[in-house]
Amino acid sequence: METKTALSAQYESATSTVPSRETAEPWLWADAPDTPLAEDAHPWSGKWLWFTPLSLLDRSWAAIRTATEDGLLGYRSKAGTLINTRTKSDDTRRPICVYTRDWHNIDDVQRVLTNLRTLGIVDVLLYKADSDTLRGHYGAGASTYIAPATKTTLVIPKRTREALEHHHAARAQARRAAAVRRKAPALKHV
């Protein structure tokens, strides 16, 4: 990850803030090159979560920020700073999140996981749909996908399989209905 684009070099010179030294914001953000500045959340977005040991936080964030800005990961990433604490949280770790636009798109979720492993991240990684976060689903059973330590294979929990089946069935039904509408003869007005 030594190669940097002009965009990532420009960003680095504009802000040298690292998570362990940030004192004003709970999160540091990075965007992929194709992400508009006014990007809002996508209805199906989700994120890979890595609960990073504090000893690796700055170095890990630098690698993930650069990979995000170079377009190798999702459309956006963020790192928790030292002021990012929640009650009942582990003070020895901070979250780094790598966002994808659609948790239904298993190929893209898998691509980002593979690239995270290529960066050297070997810990267990959890993927969570943003809609679950907005509903307050945290802890055991809240993950949409799980990547066991060192693995690039996705573990898909039963609730996710059922949601994916429902999503794909609804899309197939919508395609069939659209095909019927296209084939139906147009009514003539008299």
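Author: Happy to! Keep in mind that this is a predicted model. The largest nonpolar core has 24 residues, and those with the most contacts inside it are Trp-48, Ile-64, Leu-116 and Leu-125. Two or more residues of this core come from each of these elements: strands E1 (27-31), E2 (46-53), E4 (93-100), E5 (125-129) and E6, together with helices H2 (57-69) and H3 (106-118). In soluble globular proteins, nonpolar side chains tend to be buried together.

Let's pick out Ile-64. Beyond its neighbours within four places in sequence, Ile-64 is in contact with Trp-50, Leu-73, Ser-77, Ile-96, Val-98, Leu-116, Leu-119 and Ile-121.

Now turn to E1, one of the strands that contribute to the core. In a regular strand the side chains alternate between the two faces of the sheet. In E1, Leu-28 and Ala-30 make up the covered face, while Trp-27, Trp-29 and Asp-31 lie on the uncovered one. E1 also runs antiparallel to strand E3 (residues 76-80), and five bridges join the two. For Leu-28, the bridge partner in E3 is Ala-79.

Asp-132 sits in helix H4 (residues 130-134) and counts as buried because its relative accessibility is 5%, under the 20% cut-off. Leaving out residues up to four places away in sequence, Asp-132 touches His-137, Ala-142, Thr-144 and Arg-159. Thr-150, by contrast, counts as exposed because its relative accessibility is 53%, over the 50% cut-off. Thr-150 belongs to the loop between strand E6 (145-147) and helix H5 (158-183), and its phi is near 65°, a positive value in a residue other than glycine.

Note on methods:
Residues numbered from 1 in each chain as written. Predicted model: local features only at pLDDT ≥ 70, side-chain atom pairs only at ≥ 80, totals over all residues. Heavy atoms only, no water. Helix = DSSP H or I, 4+ residues; strand = E, 2+ residues; numbered from the N terminus. Buried < 20%, exposed > 50% of the residue type's maximum accessible area, 1.4 Å probe, protein only. Contact = heavy atoms within 4.5 Å. Core = buried A, V, L, I, M, F, W, Y, C linked by side-chain atoms within 4.5 Å. Pairing = 2+ DSSP bridges.
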